[in-house]
Amino acid sequence: QEPFVADEYIERLAWRTPGGGSRGGEAFDPKRLLEEFVNHIQELQVMDERIQRKVEKLEQQCQKEAKEFAKKVQELQKSNQVAFQHFQELDEHISYVATKVCHLGDQLEGVNTPRQRAVEAQKLMKYFNEFLDGELKSDVFTNSEKIKEAADIIQKLHLIAQELPFDRFSEVKSKIASKYHDLECQLIQEFTSAQRRGEISRMREVAAVLLHFKGYSHCVDVYIKQCQEGAFLRNDVFEDAAVLCQRVNKQVGEIFSNPETVLAKLIQNIFEVKLQSYVKDQLEEHRKSDAEQYLKNLYDLYTRTTNLSSKLMEFNLGTDKQTFLSKLIKAIFISYLENYIEVEIGYLKSRSAMILQRYYDSKNHQKRSIGTGGIQDLKERLRQRTNLPLGPSIDTHGETFLSQEVVVNLLQETKQAFERCHRLSDPSDLPKNAFRIFSMLVEFLCTEHIDYALETGLAGIPCSDSKNANLYFLDVVHQANTIFHLFDKQFNDHLMPLISSSPKLSECLQKKKDIIEQMEVKLDMGIDRTLNCMIGQMKHILAAEQKKTDFKPEDENNVLIQYTNACVKVCGYVRKQVEKIRNSMDGKNVDTVLMELGVRFHRLIYEHLQQYSYSCMGGMLAICDVAEYRKCAKDFKIALVLQLFDTLHALCNLLVVAPDNLKQVCSGEQLANLDKNILHSFVQLRVDYRSARLARHFS
């Protein structure tokens with residue numbers, strides 16, 4: 001039995017044999033175990049021979065049965081071949097009979113069709129005779145329940161009557177036409193009643209009969225009219241229209257044989273009657289009186305109409321439904337879209353002007369005319385470009401005349417204008433219209449607001465020699481920078497998508513570049529003059545606070561201060577200006593302006609120190625002052641400025657170094673590359689310079 005394991009089998013046999021289970025023990029009997037193994041092997045050999053004989057017998061029986069089965073299969077194949085031949089013969093016979101039957105059917109149809117036509121013609125002649133006699137006796141005309149049969153007959157008679165000569169059959173033609181008209185009206189009335197009762201099957205039957213009548217289109221009109229009864233009760237005519245079309249779309253296929261035509265006619269009726277009337281009422285009310293509301297309504301109505309059109313695109317309206325719906329929308333809005341951009345530009349211009357005027361009125365400010373060419377303007381422009389005292393500067397009282405609220409309002413108006421332009425403009429006119437809106441933004445935001453503020457700010461910068469001057473131009477710079485970031489963001493977010501693939505792109509970019517360059521020139525000019533004023537303020541501080549005795553004290557042994565009062569005040573002033581510059585600008589502009597201020601600051605201190613003579617203790621005090629200036633220069637975080645003050649500090653060492661060490665100090669790392677005349681000019685500032693010993697050591 002499976003699974004068979006030889007080791008386990010031998011083990012079980014050994015345990016069953018007496019004396020064979022205790023290996024190595026007293027009861028273990030190897031002879032007896034050997035005898036048992038020999039006997040068991042003989043039994044297994046006998047069993048194997050018996051099983052082998054049984055296997056041979058079964059193999060012989062299997063071979064015999066296989067031969068019998070093969071013989072039986074051959075007999076079945078022969079029988080199948082005979083049956084297949086009989087089937088082919090039967091199939092040929094059936095085909096022959098079917099051909100005969102079809103031929104016979106064609107012959108019968110050839111006989112029956114003329115017969116049916118003759119019978120139908122006879123019936124029509126009978127009904128025609130009734131019209132000739134002037135009395136309709138047939139049940140089909142008198143029984144109202146047989147209106148369908150009557151309609152079929154009268155429709156055929158009407159076609160026949162049209163072929164008859166008018167002079168001989170005018171009366172009968174008139175009677176047939178009258179009956180045709182009466183039946184048509186009855187069918188339409190029946191259709192109307194069925195529609196009101198909601199009987200779809202009856203509507204389908206009547207519509208099928210009316211299909212061959214001239215009044216079929218009137219039936220469709222009645223259906224469309226009744227569909228709309230009670231459909232427009234809410235305030236949202238667009239949603240009502242969508243719901244109505246959705247409902248009719250499910251129903252119209254069950255009634256009419258041409259559902260796409262009927263649905264298209266319903267949609268056309270909704271657009272030309274309901275929507276056109278609604279749009280006209282909404283727009284004409286504000287067209288001349290309120291441009292803002294008119295533009296908002298136009299944008300809203302056009303958007304909702306196009307959204308409705310998108311929903312209707314799901315329905316089967318024929319082959320070119322996109323063109324069909326576009327024509328319907330165009331028919332409603334064409335009179336409003338033709339002059340849309342003129343209304344938009346006019347509104348944007350008046351609205352922007354009002355926003356600016358309201359702001360200046362709130363500041364009690366009367367805008368000055370810039371660049372009129374008068375004498376005052378000439379003086380102002382000369383004063384802006386030079387530091388010549390051509391008259392007093394304008395006192396702005398700290399007002400920058402820039403307002404983020406005004407800017408946000410202008411940008412918001414322009415953003416809405418761009419959105420309306422995108423929606424309402426013809427694709428071919430879109431770039432041109434967007435450029436016109438952008439030009440309005442440039443005019444009012446950049447020219448009328450930012451540029452005017454820059455001009456006013458420039459006029460408000462005092463002369464460089466003014467005392468206690470208040471410098472507000474950096475506030476103008478800060479606000480102008482913030483505003484222009486907003487302007488640039490709107491340019492990229494709202495204008496670029498409208499012009500990106502048109503020639504107007506390069507024109508807009510150039511216009512933007514020009515306005516940037518124009519502003520940068522004025523900003524640079526204002527910053528330059530502001531820096532001059534800062535240096536002028538420092539000069540006033542130094543002139544007022546620095547005394548000659550600071551660097552040549554009467555008592556060399558009784559100097560108690562670490563640095564002069566002038567140094568303290570100048571450093572305090574400089575630190576405030578550095579902080580203000582950092583708060584007013586961003587990016588590389590900060591480093592550029594601070595570098596320029598630092599260089600001018602260094603030049604001022606350098607020239608200032610050259611005005612005094614220095615004793616030994618005075619020279620030490622000058623070194624302390626320059627060290628403090630250098631500490632102040634570190635706030636600039638500009639390597640060049642710090643290097644300049646390091647060099648100046650090294651130059652000041654020449655004021656105190658012993659005469660014997662002058663040459664060694666001059667050849668040091670920081671002073672070795674300086675011009676000898678500069679070194680000489682500092683040595684000459686020493687009070688002991690004229691001593692022969694000092695002059696000899698320095699020569």
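What is the relative accessible area of lysine 504?

Mentor: The relative accessible area of lysine 504 is 22%, so this residue is partly exposed. Partly exposed lies between two cut-offs: buried is under 20% relative accessible area and exposed is over 50%, with a 1.4 Å probe and protein chains only. A note on the basis: this is a predicted model, where local features need pLDDT of at least 70, side-chain atom pairs count only at pLDDT 80 or more, and totals for chains, interfaces and linings use all residues. Residues are numbered from 1 along each chain as its sequence is written, and side-chain values use heavy atoms, with hydrogens and water left out.

Now the partner. Lysine 504 forms a salt bridge with glutamate 507, at 3.2 Å from N to O. A salt bridge here is a side-chain nitrogen of Lys or Arg within 4 Å of a carboxyl oxygen of Asp or Glu. By this rule the model has 29 salt bridges. Both residues sit in helix α17 (residues 504-545), three residues apart, about one turn of the helix. Helices are DSSP runs of H or I with at least four residues, strands are E runs of at least two, and both are numbered from the N terminus. An α-helix has 3.6 residues a turn, so residues three or four places apart point the same way. Glutamate 507 is also partly exposed, because its relative accessible area is 36%.

Glutamate 628 and arginine 575 meet in a salt bridge at 3.9 Å, N to O. Glutamate 628 belongs to helix α20 (residues 616-634) and arginine 575 to helix α18 (residues 565-584), 53 residues apart. Glutamate 628 counts as buried because its relative accessibility is 12%. Arginine 575 is at 30%, so it counts as partly exposed.

Glutamate 190 bridges to arginine 202, with the closest N and O atoms 3.0 Å apart. Glutamate 190 is in α5 (residues 166-197), arginine 202 is in α6 (residues 200-210), and twelve residues separate them. Glutamate 190 has 25% relative accessibility, so it is partly exposed. Arginine 202 is partly exposed because its relative accessible area is 25%. This pair belongs to a network of salt bridges that links Glu190, Arg197, Glu199, Arg202 and Glu205.

Glutamine 490 lies in α16 (residues 473-499). Its relative accessible area is 6%, so it counts as buried. Contact means heavy atoms within 4.5 Å. Leaving out residues up to four places away in sequence, glutamine 490 touches Leu411, Thr414, Lys415, Phe418, Leu441 and Leu495. Histidine 602, in α19 (residues 588-609), is buried because its relative accessibility is 11%. With the sequence neighbours up to four places away left out, histidine 602 touches Leu644, Phe645 and Leu648.
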